[in-house]
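This briefing covers fold, surface and charge pairing. Please read it next to the sequence and the structure.

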Amino acid sequence: MSCAANAWPHLALMGRQGLVAAHYVGRQDVVDSHVASVAREWRDDLLETAVVLDVLALCHGHGSYLPRLYQETSTPVPTDVELRTDASDAADQLVHHDQQHATSTTGDIPGGLEDGGTDSDRDAVRAYARREWITRQERWPGIEDA
């Protein structure tokens with residue numbers, strides 16, 4: 001195991017200890033800053049996942065989705081349908097995150113997916129994730145994702 005890999009758990013523990021210490025001494029600004037940083041990182045992960053799944057789904061063409069609250073069966077699901085469904089589910093998580101944390105860069109956040117949602121609802125959350133990705137790339141050109 002590399003030195004950096006060995007250091008990671010220690011650094012994470014130190015970060016938590018520092019956060020607890022900041023809370024204990026009443027440094028809410030430090031706690032809030034850390035929480036905001038974690039929320040931004042989580043959002044970046046959601047956005048990247050949603051966009052990658054969306055691109056894969058787009059490569060398989062347009063079509064239908066699995067119903068909300070899909071029950072697994074022994075019948076195989078076509079890859080294109082599964083990819084579109086996974087892409088919309090990931091985009092829905094991004095939508096809920098942006099609604100909760102007010103982290104949208106484009107505004108106009110669609111409603112989240114509900115049980116029994118329509119294909120157009122699923123298309124809307126996927127389109128939202130694409131808009132967010134495009135805006136991110138336009139605002140910070142030249143920044144490569146790790």
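Helices (H or I, at least four residues) and strands (E, at least two) are DSSP runs, numbered from the N terminus. On that basis the elements of the protein run α-α-α-α from the N terminus on, with four helices and zero strands. The model is predicted: local features need pLDDT of at least 70, side-chain atom pairs count only at pLDDT 80 or more, and totals for chains, interfaces and linings use all residues. Residues are numbered from 1 along each chain as its sequence is written, and side-chain values use heavy atoms, with hydrogens and water left out.

**Burial, surface and contacts**

- The protein has 146 residues, of which 25% count as buried (buried means under 20% relative accessible area, exposed over 50%, partly exposed in between; 1.4 Å probe, protein chains only).
- Its accessible surface comes to about 9600 Å² (Shrake-Rupley method with a 1.4 Å probe; for residues, only the protein chains shown count as cover).
- Carbon and sulfur atoms hold 58% of that surface.
- Among contacts (heavy atoms within 4.5 Å) with a separation of 6 or more, 62% are between residues 24 or more positions apart.

**Salt bridges between helices**

- The structure holds nine salt bridges (a side-chain nitrogen of Lys or Arg within 4 Å of a carboxyl oxygen of Asp or Glu).
- Side chains of opposite charge can pair when their charged atoms come close.
- One of the salt bridges joins Arg130 and Asp54, with the closest N and O atoms 2.6 Å apart.
- Arg130 lies in helix α4 (residues 119-139) and Asp54 in helix α2 (residues 28-59), so this pair ties together parts 76 residues apart in sequence.
- Arg130 is partly exposed at 30% relative accessibility, whereas Asp54 is buried at 3%.
- Arg122 forms a salt bridge with Asp89, and their closest N and O atoms are 3.1 Å apart.
- That pair links distant parts of the chain, with Arg122 in helix α4 and Asp89 in helix α3, 33 residues apart.
- Here Arg122 is buried, at 3% relative accessibility, and Asp89 is partly exposed, at 25%.

**Salt bridge within a helix**

- Asp80 and Arg84 form a salt bridge whose closest N and O atoms are 3.1 Å apart.
- Both residues lie in helix α3 (residues 79-101), four residues apart, which is about one turn of the helix.
- Asp80 counts as partly exposed at 23% relative accessibility, while Arg84 counts as buried at 2%.

**Network**

- Salt bridges link Arg43, Asp98 and Glu132 in a network.
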